[in-house]
Amino acid sequence: MKFLISSLGRSKTIGNVLDIIGKNDTYVYVHKKEVDEYAKYMDKKMIRPVPDSLRGIVFVRKFMYEDTKNEDYTLQLDDDFSGIIYRHEKDEFETITDPDHIKQVVDNGYQVAYDLQTPIFFFSGQTNPTLYNLHTHVKFSGSAPSHMGIIPEFMGSINYDTRFRVMEDQDISLQAKYHKRYVFVDERYNFRFHTPYFQEGGCSTNRNSTVLQECGELLLKKWGASCIKYNPNKIQVQVHFPF
């Protein structure tokens, strides 16, 4: 098992993430020109160089997946991860920042997905996750956010479609549902991140209204109106799973 972090321009803060998830089972993927800068703040053995020609998060995600196909499973994380929040029959949220506890949460998601023989699992994309009752704390359908677990053994022909400069997570979720019928979503936990989409660093350089509109239209063209509800005026995409 490996945590995979794609990072861009955040060498000085990457240590904050490593303190939370641990350093023994983590790879940080950075472009070759940034390797020496990141090596000032972390063990160089953890750094996986990405060719400078691969610009854009979908190319990096595809590279990370293909670089770790020998692993039982991987979990991709953004480079501003700040912990897991949950609220189980309590009034206040609790935040998990202990590496061992985080690994247990992720291992559980992997085990359920493995039992279902589906390659993708993830956690709540809602801002305020809560366990409402015993019938709503997990789902077997949904659109993956950026913190996606992948089990290479079950992927088959499923892979990142590099035409999607953004919305690559929605597309690969649809692929997994189409081929395997299930994706596993643990609604009890939400992975928190520090920075918004358009803040400097991370994948912000590839995300703007034009790119969002182009990829929304591509998602609609690829999967059809029965799967994709797209409003070009609001640049909004709603994913449905009729299979």
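Author: Helices (H or I, at least four residues) and strands (E, at least two) are DSSP runs, numbered from the N terminus. This is a predicted model, in which local features need pLDDT of at least 70 and side-chain atom pairs count only at pLDDT 80 or more, while totals for chains, interfaces and linings use all residues. Residues are numbered from 1 along each chain as its sequence is written, and side-chain values use heavy atoms, with hydrogens and water left out.

Reader: Is I151 buried or exposed?

Author: The scale is relative accessible area: buried is under 20%, exposed over 50%, and partly exposed in between (1.4 Å probe, protein chains only). I151 has a relative accessibility of 0% and so counts as buried.

Reader: Which residues does I151 touch?

Author: Contact means heavy atoms within 4.5 Å. With residues up to four places away in sequence not counted, I151 touches D72, Y73, Y110, A113, Y114, T118, P119 and F121. One of these partners, T118, deserves a separate look. T118 sits in the loop between helix 4 (99-116) and strand 7 (120-124), and T118 too counts as buried, at 0% relative accessibility. Neighbours within four places in sequence aside, T118 is in contact with A113, I151, F154, K180, Y182 and V183.

Reader: How many salt bridges does the structure hold?

Author: Side chains of opposite charge can pair when their charged atoms come close. The criterion is a side-chain nitrogen of Lys or Arg within 4 Å of a carboxyl oxygen of Asp or Glu. By that criterion the structure holds 16 salt bridges. In one of them, the side chains of R10 and D80 meet with an N to O distance of 3.9 Å. This pair links distant parts of the chain, 70 residues apart: R10 is in the loop between strand 1 (2-6) and helix 1 (14-21), and D80 is in the loop between strand 4 (74-78) and strand 5 (81-86). R10 and D80 are both buried.

Reader: What is the accessibility of E37 and of K40?

Author: E37 is partly exposed, its relative accessible area being 28%, whereas K40, at 59%, is exposed. E37 and K40 form a salt bridge, and their closest N and O atoms are 3.0 Å apart.

Reader: Which parts of the chain does the pair of D161 and K222 tie together?

Author: The salt bridge of D161 with K222 has its closest N and O atoms 2.9 Å apart. D161 belongs to the loop between strand 9 (149-150) and helix 5, and K222 to helix 6, so the pair ties together parts 61 residues apart in sequence. D161 is buried at 14% relative accessible area, while K222 is partly exposed at 32%. Through salt bridges that share partners, D161, R163, D171 and K222 are joined into one network.

Reader: At what angle do helix 5 and helix 6 pack?

Author: Axes are lines fitted to C-alpha atoms, for helices over the stretch in contact, and angles run from 0 to 180 degrees between N-to-C directions. Helix 5 (residues 168-180) and helix 6 (residues 209-223) pack at about 15 degrees, with their axes 11 Å apart. The two helices are therefore roughly parallel to each other, a term for angles under 35 degrees. Q170, D171, L174, Q175 and Y178 of helix 5 make the contact with L219, K222 and W223 of helix 6.

Terms used: Angles under 35 degrees count as roughly parallel, over 145 as roughly antiparallel, 65 to 115 as roughly perpendicular and the rest as oblique.
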